[in-house]
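Please look at the sequence and the 3D structure together, and keep both in view while reading the paragraphs that follow.

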Amino acid sequence: MPLLLAGCEKQDFYKFNICRLALPGVENSGLRFHLLTAPDINPSADTITLIYQILPDSVPYFGDNDGAISDNLPLAGEGPPAFAHSITCQFAPAKTPGLRVPLIGITTSRFGPLPDSQLALLDRFWINRVGPSALAFFDDASRTATLPNVADIGRDAAFAAQLTLSGLSRGAVYALLALPFTLIYGLIGRINLAFGEMLMVGAVAAMVASLAVYGGIGWHITFIVICAVLTAMAYGAGLGLLSWRWVFGPLGRGRANGQAMIVASLGCALVIQEFVRIAWSARNFNLPPIWQFNVPLVRGGSFIVSLDGFDMLALLLAGATCIILQGLMHKTAFGRAWHAINQDRFAAALCGVRLHKVEAQTFALAGMLCGIAGAILALRYGVINFHSGTLFGFKALTAAVLGGIGMVRGAWLGGILLGLLESLWTGYFGDPYRDAAVFGLLALVLILKPEGLLGVNSKNDSLLAARTS
C-alpha cells in the first residue's frame, strides 16, 4: 500500500491546475498562453512557479521587441529566444498529505504581488465560477498538459464508465450491509432493523481510531486505514453480540413471533441512536480527507475516468470479504451448522447443533460486516452523525430483498444493482428523485417477483409466524 500511494502521488495536479486557471484571470484580457512548465512539479510544495509565453495571435513575441510584452526573463534551452513570464502561486501549508489547501498569494513577473482584495475576488468569481472554462485561453499543448496517457473512448462512453465505477463502489458498501440482513434472516427467518445503527457505530469508532493514530504516530495512511477497519469490526461484532444476548436471544427462547422481533429491532435501533447522541454528541463527526488520489483508466476528451482511492478500498474490502465469507460458510463447522439450521432447525438440534451458539456467532459476524461498511463510509466521506445509519440500513434491506433475502449471492446482486441504479440515476436524471427511484424499483420487483431476483432462502418461514424451536 505505501508503494501504491507513492506511485499515485505524482498524479496530483491540484496546485498546478489552480495556478494555471488563475493565470488568465490575472493577465490582461484577450491574451492566450503557452506554458513552458511541465505539470510534474512537486505536489507537496507550498509555492509553485509556472513559466509561460503569450501566444502570437495575442501579442507577437518572436524577433524584435516591436509590440511585445516582456520582462526579459531569461530562459535556458535551445532555439530562438522568446519573451517569457512567470506566475508564482502560494498555497497554505497542508496539515495532512494530499489535503486540498487554499490559494493564499499570487505574484507575477509582470504585475508583482496581487493584493489580497483582488486575490479574494479572483478566487471567488474566477477560479470557483469560471473554473475549467479558463483553459480556453491556452493552446492545445498547455490545455491538455495534465491529461493522462490513456485511451480516448469518447465523452459519452467515458461519462457512463465513470458512473458505473462509482455505482460499483457504492454497491459494494450496500452489499456489505445487506449481508447481515441475509445471514440473520437465513438463520432465524427474522429481520433486524438495527444494522444501520451498527454501521453508524462502526463509522464513529473508525473515526475515533483514525484520529487516535494520527495523534499518536502521525499521518500514516496505512496504519490509519488498518486501525480504523479493525476497530470498526470489533465494535460492530460486540454490538451484534450484545443485540443477540439482550434482545433477540431472549425473544427467540420465548418463541416470540415476527411482529415482536421487528418491534424489538426497531427499539434496539432507537436505543443505539440515542446512546450515541447523548454519550457523544448530536453534531457531525468529521474526519479530514486522508487518502486523496485516483488512478486514471480511460478518458473522453478532457473528461478523465478515474478510480478513487477509497472506491478502490471499498471494492477490495468487499471482494476480500466475499471470498472469506464464501470459505467460512462452506468450509468450516460454523458454516455447516448455519446451513443445517437454515434447512431445518429442529433436525439440526436433534443432530447436536447448538442453536444458540450458532445464532450468537452469526449476530457477531453480522455486526462485524456492519463495522467494515461503516469504516469504509467514514474514511470515504469523512462525515457521520448519530442518525446517518438509518437510511443506509433501509437501502441495504432493500438490496437484500431485491436480490433475494436469505441468499448470500442475492445480497451481493442486490447491493451492486442498487449502487448502479443510484449512480446512473444521479448522473443522468439528477439527485432529487434518486431515493424515490430506488424504492420504486423495490416495489416493482416485489410486485413482479415477490421472492426477489434469486428467491427467498427459507420457504417454510414467515416474518409473522412464531418460531418452532
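Helices (H or I, at least four residues) and strands (E, at least two) are DSSP runs, numbered from the N terminus. This is a predicted model, in which local features need pLDDT of at least 70 and side-chain atom pairs count only at pLDDT 80 or more, while totals for chains, interfaces and linings use all residues. Residues are numbered from 1 along each chain as its sequence is written, and side-chain values use heavy atoms, with hydrogens and water left out.

Although arginine 354 and isoleucine 341 are 13 residues apart in sequence, their C-alpha atoms lie 9.5 Å apart in space.

Helix H12 covers residues 355-381, and its 27 residues should span 39 Å at 1.5 Å a residue, which agrees with the 39 Å between its end C-alpha atoms; the expected span is 1.5 Å times one less than the number of residues. Because 21 of the 27 residues of H12 are buried, this helix is largely enclosed by the rest of the structure. Just after H12 comes glycine 382, which takes a positive phi of about 75 degrees.

Elsewhere in the chain, glutamate 27 is found in the loop between helix H2 (14-26) and strand E1 (33-35). With a relative accessibility of 6%, glutamate 27 counts as buried. Leaving aside residues up to four places away in sequence, glutamate 27 touches Phe33, Tyr52, Arg110 and Phe111, where contact means heavy atoms within 4.5 Å. The side chains of glutamate 27 and tyrosine 52 also make a polar contact (2.5 Å), a term for a pair of N or O atoms within 3.5 Å; within protein, one must be able to donate a hydrogen and the other to accept it, and residues adjacent in sequence count only if both atoms are side-chain atoms.

Leucine 453 is found in the segment after helix H15 (434-448), and at 36% relative accessibility it counts as partly exposed.

Finally, consider the chain as a whole. The secondary structure of the protein chain comes to 15 helices and 9 strands, and 47% of its 469 residues count as buried. Among contacts between residues at least 6 apart in sequence, 72% join residues at least 24 apart.

Technical notes: Buried means under 20% relative accessible area, exposed over 50%, partly exposed in between (1.4 Å probe, protein chains only).
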